[in-house]
Amino acid sequence: MEYNFSAIEQKWQQFWQENGTYKVSNGSDKPKFYVLDMFPYPSGAGLHVGHPLGYIASDIYSRYKRMKGFNVLHPMGFDAFGLPAEQYAIQQGLHPDVTTKQNIKTFKGQLNRLGFDYDWDREVKTCDPDYYKWTQWIFLQLFACWYNKSTQKAEPIDTLEAAFRAGGSNAADGAGGEEVADFSAEDWNAMSEAEQQKVLMNFRLAYLSHASVNWCEALGTVLANDEVKEGVSERGGHPVERRLMRQWFLRTTAYADRLLDDLDDLDWSDAMKEMQRNWIGRSEGASVWFDIADTDKKFEVFTTRPDTIYGVTFMVLAPEHDLVAEVTSAEQKQEVEGYVSYVKARTDRERQMEKKVTGAFTGAYAVHPFSGEKVPIYISEYVLIGYGTGAIMAVPSDDDRDEVFAQHFDIPIVDIIDKSKYPGATKSDKLGIMINSGFMDGMEVPDAIKAAINAVEEKGIGTGKVNYRLRDAGYSRQRYWGEPFPIVYRDEMPYALGSGDLPLTLPEVSSYKPTGSGDGPLAALTDWVNTPDGKRETDTMPGYAGSSWYFLRYMSPQCNDRFVDEKAEQYWQNVDLYIGGTEHAVGHLLYSRTWQKFMFDRGWVSQKEPFKRLVNQGMIQGMSRFVYRKKGTNTFVSHGLIGEHEVTPLHVDVNFVDGLVMDTERFKAWRAEYNDAEFILEDGQYICGSAVEKMSKSKFNVVNPDDIVNQYGADCLRMFEMFLGPIDQGKPWNTQGISGVSKFLRRFWNLFRFDENGQANLDDATPTADEMKILHKTIKKVNEDIDRMGFNTCVSAFMEATNALTEKKCNKRAILKPMVALLAPFAPFVTEELWRAVGESGSVHHSDFPTHDEQYLVENSKEYPIQINGKVRTKISIALDADKAAVEAVVMGNDIVKQWTDGKTLRKFVYVPGKIINVVAN
């Protein structure tokens, strides 16, 4: 009987579904293990072969852990809210709910074909009201809490109110309250409710504020920093500008230190940890206030190098700084306003990458706090309003960027550090002796930093401070397809809906396209917006809202009275292995970690971190193919001949290119413009050019996994993707290599010697020592390599073992049965079929994973190359304990040795144990 992968895979898909093979309970005597994939956004295009890479890896590992005796949770769901789903719906002219459901159905069908062991009863969809009810509830809890810096945890806002009632602003130290003016208990108690709520807004973990945000006109919404790449939207590549808007924010900065410190406890790669550290960007220094000359105004700067304050020769404000319009002189007004307009059209990324020096003098001066000298105030795009205070003290002698600016605008440069004692020290090194620095002259830089902080504190013009690159997370989107905010406004002040009013579901709208006015589509629904309790918020939550806690909902997706069942959470605790792409290294992981810490503070979860171990899979890249159109014609030149013509390269669909040879008839039928195409061929063939690029529809290099499964089977696709290389490295897709994996599976199948009736013919005899060695060597290798996620080397081990067993014509049950179990996590379909063939019932995936026995791996012989008159003629295995006489007898009795020494006299027999055997005969 031939290996019919199509019939086998359909059979076992149905069996698993009907028998609940992968059903998981929230209680077991077995130890728990939680394996999780970063859940996908269900795009209209479905999966391409690059998407399943991480899913296959997690599936192998989850099956392995189940067979090793663990109760394994390996769920799947869909990140279904957000901008991509809405854009796709607009393109299709359908409601996002309709297109999202269609796409999820497609995705589930593709995932099931690949044999993943998901418990679909635990499926979550972020757009499901039963799910986003709890997303809204968590938001309300953030709104109802503040971060107490004294206890280093989130607490209910009413504890802050109680502190204010009893002791005023000095009675509590809360994150975000740094800008709140001091007040007494009497002042607080005399405030109106609106005044009190305004003060509290400075402390809430979910708060409303006006801020400069990334506004994308084409998408009609605000974008988070990690959704903007090189000045354009990540989705669609549309221009992004900075705009001041009222937005909801989450106070992620309150957790900055804990986010940093707790990285040390995580089993993540050093590279990933460093990415998180860099994004959080903790820096220590001083906050210093500078007065503006001839006014009563002042501004704050944060500097990590307060020791350089005597080197300040100019100040720079961000063009968006509130003081710019107020302090600009009449003479400089036109220039400043023109420069502000220029900067407004540029993103933070563009401003940071700009090499050209730009800026404008405001006409105003700051007063140096120590020398009393007037220091000119400029504005420039290299200072960002969202980082630090939006103002810097510029020290051109100790900062390259400031130096270039000073040279461009002919501003004096004052040396303040002598580095001659430290050859090779750069400006960024905190080394040298202070000069031209008043009270700090003669000090080493580290001592001067401390002295400068003490001095500004003594003068009452500043304080030592820790600053962060991390910004509070923008939480508003001016779109339709997202969670509505459970908020109403009364007298412009936000108030929370009650928990009993959740979920606040999305209303039907006639148009969910962006308005372009800054308001979301919900703003047009006046009957929905205006309620007896106040006006509803018309923004919706961002795409990351639902993905910041989904890993908890999988634990008890049907729980109605809590976002996660308490006992289920205490059992599963957190994710033991999390697999996903590095594109989520910043946003998603930081948001999820922040939400987890908040819920840990409130006592709702048992663990302070959501993901113990993180593995980032590499990207499977597309192998693009190109045709070359002769300019001004519809003639296409084969790649090897393009040097003779002026041509334009064009991407072509890889699905009608075999290797590099294109099917010209399919190309002509591909598009109407190519119907009359002509070709200049090489040896009768059109040879395409090639390049390794990101797999994308626009590059026509997308390969549908359904096509591969139809041709080779799901088991083959799974093993081939693992065989391509280490899981954490990028690799190009090349279907030419898949035939080798397909041959391996057929060769493994053939070991069972099926007859025409489908009956396996197995030998129940005792295996030989060599057969046991092959088996146990493979068992040991696979166990070790799965644990370290070395799936590619596991596949190699299976191939080697199968080749060795085929060579020995081994069909022994005692060998093949453990081999089936060993292969099961990698090829779940064929191993179910073969499990029956070896006489077992039930599912192989609920059997025990094989363990090796070291006794079968003890080497009792060694294979020697046999040299005859200096040339290797054969190889012979010799017992390790054999003496020279026994070795000589074995070698000289070998048929091949006899052939080469026939008729000759043995002159010398050289035997060096463990190394060589040489026969000299003539």
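**Entry 1: E123 and K125.** I looked up this pair and found the side chains of E123 and K125 in a salt bridge, 3.8 Å from N to O. I count a salt bridge when a side-chain nitrogen of Lys or Arg is within 4 Å of a carboxyl oxygen of Asp or Glu. The model is predicted, so local features need pLDDT of at least 70 and side-chain atom pairs pLDDT 80 or more, while totals for chains, interfaces and linings use all residues. Residues are numbered from 1 along each chain as its sequence is written, and side-chain values use heavy atoms, without hydrogens and water.

I checked accessibility next (buried is under 20% relative accessible area, exposed over 50%, partly exposed in between, with a 1.4 Å probe and protein chains only). E123 is buried at 17%, and K125 is partly exposed at 26%.

**Entry 2: R351 and E320.** I found R351 in a salt bridge with E320, with the closest N and O atoms 2.5 Å apart. R351 sits in helix α13 (residues 348–353) and E320 in the loop between β12 (314–317) and α11 (323–327), 31 residues apart. Helices (H or I, at least four residues) and strands (E, at least two) are DSSP runs, numbered from the N terminus. R351 is buried at 1% relative accessibility, whereas E320 is partly exposed at 26%.

**Entry 3: E771 and K812.** I found a salt bridge between E771 and K812, the closest N and O atoms being 2.9 Å apart. E771 is in helix α25 (residues 769–787) and K812 in the loop between α26 (791–807) and α27 (813–823), so the pair ties together parts 41 residues apart in sequence. E771 is buried at 5%, and K812 is buried at 11%.

**Entry 4: whole structure.** My search of the whole structure gave 45 salt bridges.
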